[in-house]
Amino acid sequence: DVLPSPEGPVPSVSITEIRQYLRAQGIPFHDGYSCLHTPSLFTNGREDQPLPPAASAPYTLFIDKTTGSFLCTATLAEGTWQDFQANVELRHRGVPAPSSEEQEEDTRRAREDARCIWDRALPLWQLLDEDETSKTKAMFGISLVTDATLKRFGVRYLRAAKSLVFPWFSPRDATLKGLKLVRVEKKGDAITYVEETLPRFDSYRNLFGLPLVSRRDTELVLTGWELDALALHQATGVASLALPRGATCLPPVLLPYLEQFKRITLWLGEDLRSWEAAKLFARKLSLKRCSLVRPGNLQPRPLEALNQGLNLTKILRAALPASHKSIVSFRQLREEVFGELVNNEQVAGVKWARFPELNKLLKGHRRGELTVFTGPTGSGKTTFISEYALDLCMQGVCTLWGSFEINNVRLAKIMLTQFATQRLEDQLELYDEWADRFEDLPLYFMTFHGQQNIKTVIDTMQHAVYMYDITHVVVDNLQFMMGHEHLSVDR
């Protein structure tokens, strides 16, 4: 995915400008947590009608306060702030707003594939014999999850692939938009869960459990995994949703669906990375309404807590408010310090799988740290850094590349070769298979080349952090970005 190029960066719009524009156009709005709410431009029958009075129109259009992007939850129309302004202009001229139903070919094909799999999958409680059902449930660690819960969330089982199937239903008309398949892989004693989605990861934006949330619900628990949402709902009865990519990212396009909740508790997982992600997501969702469940021995992920017979309601009640005052006492930090001592290994950061020696030097990748690699031209800095970044990216660290020296096509070619660990030019028939897997990595490239204005670069990075929850940025290299006239200055 390529971020906006320097020729046409996304014009940043401030919340003040958005409010001024809406007032000038006579569009009523009110302030939400991360969005402004307005009546939709896309829902009226007659386009030449003025906007309905505020009282009668449901406020189904949400404008992101940070980026100005909009989403209408009634029609699923979405676009940039410029698209929104264009639609307002068209309405004044009596031109109908474009329909949002024109799906791309890929999306349509993904839906058809999802429908075929969904029709072949069986509800878990309807397998041929009880023995198969209990073995399957044991394999996924959900023996304590009741049939009623599985039925409520519509979970099915695909025998051929030995996978659980989680549906993505449109919140608007309950049609099937896609699926997530989860299977278990055993390596020795370790169990890993392998996920696959239709459509592909970057277009898969299912807030699992959303159609079950009622308009009256004001409290919500956000989890990082579908099975956690099942366990939570069963144990506590609270509305619970699962994020599409777990603790990796919270796409801004999902924020409108979370606006109705006055209180959101983030319980993403049991490791420190989930805790860091929860703090990041709380900033997007508005700190004052968020609470976080701190990972620890007595507070594992929800499914694990259910299996251990812990009291999930009690854990939720003990969640910490996300907004901290500017001054704290040690008493408030006490739990966090204990957490760092207990999770000593995790505090060191995400370890590299390919570079055990590097782990001894740097301990791991941690947020907020700057590492500088130096070496003469041609010594292999780019080759090494691309493998170093790829290693983290494969472990779910969202990575942004700013390659100012070599172009993105060459860089992507190097990284794809490192990812496939083979020369693809000799086996072109394997290219699509590897490219598909590579495409699912949380990896983004800036489209700058050569010397750049540093403010533009920083703005692009900030935009990427908000949109894609980037936690690792690579600049290659500083000299090219700054231009050669800076060489006399202390670099």
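Visitor: Which residues in helix 2 do I18, Y21 and L22 in helix 1 meet?
Guide: This is a predicted model, in which local features need pLDDT of at least 70 and side-chain atom pairs count only at pLDDT 80 or more, while totals for chains, interfaces and linings use all residues. Residues are numbered from 1 along each chain as its sequence is written, and side-chain values use heavy atoms, leaving out hydrogens and water. Helices are DSSP runs (H or I, at least four residues) numbered from the N terminus, and contact means heavy atoms within 4.5 Å. On that basis, I18, Y21 and L22 meet W81, F84, Q85, V88 and E89.

Visitor: At what angle do helix 14 and helix 15 pack?
Guide: A412, M415, L416, F419 and A420 in helix 14 meet Y431, W434, A435, R437 and F438 in helix 15. The axes of the two helices lie 10 Å apart. The helices are therefore roughly perpendicular to each other, packing at an angle of about 100°.

Visitor: What is the angle between the planes of F419 and F438?
Guide: F419 lies in helix 14 (residues 408-420) and F438 in helix 15 (residues 431-439), so that, 19 residues apart, they link distant parts of the chain. Both F419 and F438 are buried (under 20% relative accessible area). Their rings form a tilted pair, 5.5 Å centre to centre, and the angle between the planes is 55°.

Visitor: Over the ring of which residue does the charged end of R437 sit?
Guide: A charge sits over a ring if NZ of Lys or CZ of Arg is within 6 Å of the ring centre and within 35 degrees of the ring normal. R294 gives one case, with its charged end 4.2 Å from the ring centre of W275. For R437 the distance to the ring centre is 4.3 Å, and the ring belongs to W434.

Technical notes:
Phe/Tyr/Trp six-rings, centres within 6.5 Å; stacked < 30°, edge-to-face > 60°. Buried < 20%, exposed > 50% of the residue type's maximum accessible area, 1.4 Å probe, protein only. Axes fitted to C-alpha atoms, helices over the stretch in contact; angles between N-to-C directions. Parallel < 35°, antiparallel > 145°, perpendicular 65-115°, else oblique.
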